[in-house]
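Here is my note on this model. Please keep the sequence and the 3D view open while you read.

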Amino acid sequence: MALTPEAKVKKKIVEQLKALKAYYFFPATGGYGKSGVPDIVGCYKGKFFGIECKAGKNTPTALQEMNLKQIAEAHGLAYVVNEENMHDIKQLLEE
């Protein structure tokens, strides 16, 4: 089965997170989960991060934007990653 464009972005990000030995997971939404949480959350070198994965012209929803803003305001790293910057995970996490 072919991967969706967004799944390709997620796969590329995960490859880099594994290489960096970062802790990460895909949070559950719905049920007991929280809506709007980034697709991938984790920790790298003591820094909390949230990554919202998008593909093509897709952009984050207002709720996703609000969650990313809350992460940034708490001094975490919050990013929207797509085909343009999906190869730059190490650079983003080390800013």
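Which residue is the bridge partner of E52 in β4? The partner is V80.

1. **Ground rules.** This is a predicted model, where local features need pLDDT of at least 70 and side-chain atom pairs count only at pLDDT 80 or more, while totals for chains, interfaces and linings use all residues. Residues are numbered from 1 along each chain as its sequence is written, and side-chain values use heavy atoms, with hydrogens and water left out.

2. **The sheet.** Four strands form an open sheet, in the order β1-β2-β3-β4, with mixed pairing. β1 (23-25) and β4 are the edge strands, and each pairs on one side only. On average, neighbouring strands are turned by 20° against each other, direction ignored. Strands and helices here are DSSP runs, numbered from the N terminus: E of at least two residues for strands, H or I of at least four for helices. Two strands count as paired if DSSP finds at least two bridges between them. Strands of a sheet pair through backbone hydrogen bonds, either parallel or antiparallel.

3. **Strand β3 and its two partners.** β3 covers residues 47-53. Five of its seven residues are buried, meaning under 20% relative accessible area; exposed is over 50%, and partly exposed lies in between (1.4 Å probe, protein chains only). Strand β2 (residues 40-44) runs antiparallel to β3, and five bridges join them. C43 has F48 as its bridge partner in β3. The β2-β3 hairpin has two residues between the strands, and K45 takes a positive phi near 50° there. To β4 (residues 77-81), β3 runs parallel, again through five bridges.

4. α2 lies across β3 and β4, at about 145° to β4. α1 lies across β1, β2, β3 and β4, at about 160° to β3. Axes are lines fitted to C-alpha atoms, for helices over the stretch in contact, and angles run from 0 to 180 degrees between N-to-C directions.

5. **The core.** The largest nonpolar core has 20 residues. Such a core is a set of buried Ala, Val, Leu, Ile, Met, Phe, Trp, Tyr and Cys residues joined through side-chain atoms within 4.5 Å. I13, L17, I40, F49, V81, I89 and L93 touch the most other members. α1 (5-20), β2, β3, β4 and α3 (89-93) each supply at least two residues. α1 gives the most, with five. Leaving aside neighbours within four places in sequence, L93 is in contact (heavy atoms within 4.5 Å) with L17, L20, Y44, K47, F49 and L77.

6. **A loop residue.** N85 sits in the loop between β4 and α3. Is N85 buried or exposed? N85 counts as buried, because its relative accessibility is 18%. Not counting residues up to four places away in sequence, N85 touches V80 and L92.

7. **The cysteines.** The disulfide count is zero, the rule being a pair of cysteine sulfur atoms within 2.5 Å. C43 is partly exposed at 31% relative accessibility, whereas C53 is buried, with a relative accessible area of 0%.
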